[in-house]
Amino acid sequence: MSHLSWDGAGQAAGEGGQGSACTGWVRAAQANFYRVRIDPELAALFPEIETHFPAQKPMPAELLCTARAKLKKMGQQVMVGDWVEVSLPPVADSLWPERGAIEAILPRRTQLPRPAIANITQVLVVVALADPEPEPNALSRLLVQAEASHLRVQVVFNKCDCVEAAVAESWRQRLQRWGYEPLLVSALTEAGIPELRRRCRDQISVVAGPSGVGKSSLLNRLLPEARLATQAVSEKLRQGRHTTRHIELFPLPEGGWIADSPGFNAGEGIPPVAPLQLAGCFPEVRERLGTCQFRDCLHDREPGCGLRELDWERRAFYLQLLHELQEAQSMDSAPPRQDAYPIFSKHYGEKSSRGLLPRHRPSSRKQGRQTLSDPELGQQNG
């Protein structure tokens with residue numbers, strides 16, 4: 001998506017008079033602008049959404065929209081994938097497609113905080129087998145974040161042509177032990193691309209993963225007309241460079257939609273899940289949760305826990321993530337400390353553990369003349 005602009009004439013047209021309204025689907029977002037698709041066939045995939053479309057207008061069509069300021073004041077963020085109510089200016093009756101304004105966000109089926117996208121059905125977690133090599137804990141953190149959204153999760157190992165077959169097979173078997181059926185693909189040789197197309201058919205997918213793993217290259221194989229920008233991995237840092245700057249959904253020739261999203265260098269952050277629900281984000285033990293005799297079990301040190309004696313590779317990472325969630329939960333409920341805002345001493349880099357000190361400044365001569373000394377107070381009181 002490019003060449004997004006907004007001129008004064010279009011804005012004035014949206015503010016003057018009363019126009020019509022319609023329902024649309026946010027296909028792309030960049031800066032403060034949104035591409036909203038008006039498509040009755042797409043709406044058929046969301047029967048719970050009450051939709052209405054302009055009469056006697058060619059469809060599908062797209063509107064270039066901005067979001068009303070009231071949404072931000074209400075704490076609502078427009079996401080790619082949202083169904084929204086759009087108001088159309090009066091000029092839209094003669095010109096189509098036209099610009100509009102997003103008035104309201106309709107209820108979401110699902111949403112991901114990072115990348116910020118709504119109403120998708122599956123997440124494609126893409127990791128490279130080489131350049132950069134996969135890191136198990138970072139991959140697990142990515143997978144837990146995806147599982148916390150209760151979406152279908154597909155693991156895709158890219159650059160399988162850059163490693164020996166035995167290395168690729170070992171990673172495939174490792175992910176199978178984690179409860180996944182990973183797909184080995186190569187954006188360069190197109191190995192595994194037909195199977196990837198099959199898994200994306202009739203789905204609304206988002207591609208997520210670290211920078212440099214070849215997400216945009218894979219999408220260029222799936223969408224030859226997209227021509228997404230790609231960059232090589234940094235030779236100095238051995239990390240990927242950020243290529244994608246915004247989120248955009250593209251239609252697949254076989255049916256369905258797929259979104260590219262900005263990458264990041266590692267699986268960062270704590271997944272939005274309660275400590276009691278964390279074990280459910282690990283497919284390898286999800287079916288064994290019913291064997292535990294405690295309803296509120298954290299599967300840590302509780303005696304008699306059905307998972308305590310189970311030998312699974314990611315148990316240490318589960319406990320690490322569990323303690324992070326518990327620590328974050330305790331910090332949210334703790335009262336603010338007096339030394340929460342440290343000050344700096346006159347020596348550079350030395351922090352003080354005391355609270356904020358009052359500002360010290362010499363008294364002005366005007367203030368001195370207005371302030372009575374102790375003897376003067378005594379004479380007046382006498």
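User: Why is His299 called buried?

Analyst: This is a predicted model, and in it His299 has a relative accessibility of 7%. Buried means under 20%, so His299 counts as buried.

User: Where does His299 lie, and what is its phi?

Analyst: His299 is in the loop between helix H8 (283-286) and helix H9 (315-333). Its phi is positive, about 60°, although His299 is not a glycine.

User: What about Asn119: buried or exposed?

Analyst: Buried: Asn119 comes in at a relative accessible area of 2%, and the cut-off for buried is under 20%. Asn119 also has a positive phi, near 60°, and isn't a glycine either. You'll find Asn119 in the loop between strand S7 (117-118) and S8.

User: How do you know that the buried residues of H7 line one face of the helix?

Analyst: Start with the list: Lys215, Ser216, Leu218, Leu219 and Leu222 are the buried residues of helix H7 (residues 215-222). Looking down the axis of H7, they fall within an arc of 155°, so they line one face of the helix.

User: And what covers the buried residues of H7?

Analyst: The cover includes strands S8 (122-128), S9 (152-158), S11 (204-208) and S13 (257-260), plus helix H6 (193-200).

User: Which residues does a cis peptide bond join, with omega about 5°?

Analyst: Met59 and Pro60 are joined that way, with omega about 5°. Pro60 sits in the loop between helix H2 (40-43) and strand S3 (61-67). The bond from Asp131 to Pro132 is cis as well, omega near 5°, and Pro132 belongs to the loop between S8 and helix H4 (136-147).

Note on methods:
Residues numbered from 1 in each chain as written. Predicted model: local features only at pLDDT ≥ 70, side-chain atom pairs only at ≥ 80, totals over all residues. Heavy atoms only, no water. Buried < 20%, exposed > 50% of the residue type's maximum accessible area, 1.4 Å probe, protein only. Helix = DSSP H or I, 4+ residues; strand = E, 2+ residues; numbered from the N terminus. Arc of directions from axis to C-beta. Contact = heavy atoms within 4.5 Å.
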